[in-house]
Amino acid sequence: MRIRLFDVFSSTLVLVGGAVILSQFQQQRLARFRELQLARRMGQPRKRAIVVGAGFAGLTAIKRLASLLSDDPSTDVVLIDRQNYHLFYPLLYQVATGGVEPGSLAFPARMVASEHGFRYMQATVQSVNLAEKCLETDAGPINYDVLILAPGSVTNFFGMSDAAENSLSLKSLEDGINLRNRIVNAFEQSDRESDPDRRRALLTFVIVGGGATGVELAASMSDLIRRTLLPNYPTISADEVRLILVEARDTLLAGWDPRMGELAASRLIQNSVELIVNTSVSHVTDRGIETTDGRKISAATVIWTAGIRASPLVESLGVEKERDGRVRVNDTFEIPHQPGVFVIGDAAAVRLPGNERPLPPTASVAVDEGPAAAENAVRRLHGQGPRAFHYHPRGDLVSLGRSAAAANVLGLVFDGLPAWFIRRSVYLVNLIGFRNRLFVVLDWLFVSFHQRDIATFDGLRLRQQLLPQPVQQPQQRAQGRTWSAGGS
């Protein structure tokens, strides 16, 4: 096939022209944002709308808020978060298993602020003074007129201090990186370990919690172990590795359509994941776990995905909460008797009329709550009453490993490649930034035809000793010294 110079030139011209047009468009939006911020500073805004938290709920709320108030220089629109990026949490388990690179899941909050016309402040909100309408932060007090709290959640250890101390969680980028390091280091130490009991414990991985995070992590860890780690560690056989998923209830994905749990269990068993259901973990030590039925499992790595509870920030609020710390709000997201203060996302327990249970703390719920809460916040600013929120569930999706997933779309439950394709498409649509989408696709393509990344990174608790060293007896130490002296 001949390549004509004209074709190359015209294609290059189109690409360059497109890039120039896109750049000009971005510059115009940035200039508009600067003009708006200048107008707000010169006019000394009389009102302030604040969103706390840059997760799914907070980010969709602030974007909608900025859109509704884009022509109102009298209102300062501010997003506050202790991290300066939005984390795409649904793919965090793939960071832990070498499927995607950490940087592909983080998008700078200031870039979102510049694009959508609001202010971003990196600060830690320590408490909320509802009476004074003031946030106490490490950057000083900040007053507000309307407030949307979306601080997210933390791992719920259900009061088990030993679980918090001896298990790994998966709630941040650092968690994902540290978990990948732990898995790889377990194989590294096993490769040189001669004691069979210690080697067996090093190669046993226990995941506590059979919800969506636990199921997706187990499936992805199985792929990592079978397709990347075992081929690169020839001294370790597949029979030596145990991957165990423990769930307190009698089914996986509890609260979902039962068929989804059955599909997940079947797929995990096919991928050599041991399932222990209807069993709770009673103790977690540095040597493994104990279950309520008396079972003891030696394991150097225990991962806790058994549940979440609301961010500690909302614990300081003197309002009604659920057992998991979520704030009870009405169907407008307002805290009762606190007009203009809204709570959404993982920190909110939203009970809609006709529903016995509050909406689940999932990303799909959060992205619907954010814009609705923003619209109600603007209505409060304008002296109007808020409107009730109506939620229309779209279904459930869960990844089950390489080219496999399960889906519940409008009551139709199916698995296999179609479900996998839908799941991946949903990921890409909701990722922020063209660069992040491109890099994630490239990571997926690379993993599909090659192996996963098993490099560890210095500086993040990497070279940790996974099991305590056995204490040598005095006689053994003396023999060792005598042998060394004789050999010299």
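In the predicted model, the contact between helices H2 and H10 involves Phe56, Ala57, Thr60, Ala61, Arg64, Leu65 and Leu68 on the H2 side. These residues meet Ala363, Ala366, Val367, Gly370, Pro371, Ala374, Glu375, Ala377 and Val378 of H10. Classified by residue type, the contact comprises twelve nonpolar, two polar and two charged residues. Two packed helices are described by the angle between their axes and the distance between the axes. For H2 (residues 56-68) and H10 (residues 363-381), the axes come within 7 Å and cross at roughly 35°; the crossing is right-handed.

Phe56, one of the H2 residues in this contact, also belongs to a cluster in which ring pairs link Phe56, Phe88, Tyr427 and Trp444. Eight aromatic pairs are found in a search of the whole structure. In the pair formed by Tyr427 and Trp444, the ring centres lie 6.2 Å apart and the planes stand at 45°, so the arrangement is tilted. This pair links distant parts of the chain, with Tyr427 in helix H11 (residues 417-430) and Trp444 in helix H12 (residues 434-449), 17 residues apart. Tyr427 has a relative accessible area of 1% and is therefore buried. Trp444 is likewise buried, because its relative accessible area is 9%, under the 20% cut-off.

Among the strands, S7 (residues 134-137) and S8 (residues 140-143) run antiparallel and are joined by four bridges. Leu135 has Ile142 of S8 as its bridge partner.

Conventions. Residues numbered from 1 in each chain as written. Predicted model: local features only at pLDDT ≥ 70, side-chain atom pairs only at ≥ 80, totals over all residues. Heavy atoms only, no water. Pairing = 2+ DSSP bridges. Helix = DSSP H or I, 4+ residues; strand = E, 2+ residues; numbered from the N terminus. Axes fitted to C-alpha atoms, helices over the stretch in contact; angles between N-to-C directions. Left-handed = near helix turned anticlockwise from the far one by under 90°. Contact = heavy atoms within 4.5 Å. Nonpolar A, V, L, I, M, F, W, Y, C, P; charged D, E, K, R; others polar. Phe/Tyr/Trp six-rings, centres within 6.5 Å; stacked < 30°, edge-to-face > 60°. Buried < 20%, exposed > 50% of the residue type's maximum accessible area, 1.4 Å probe, protein only.
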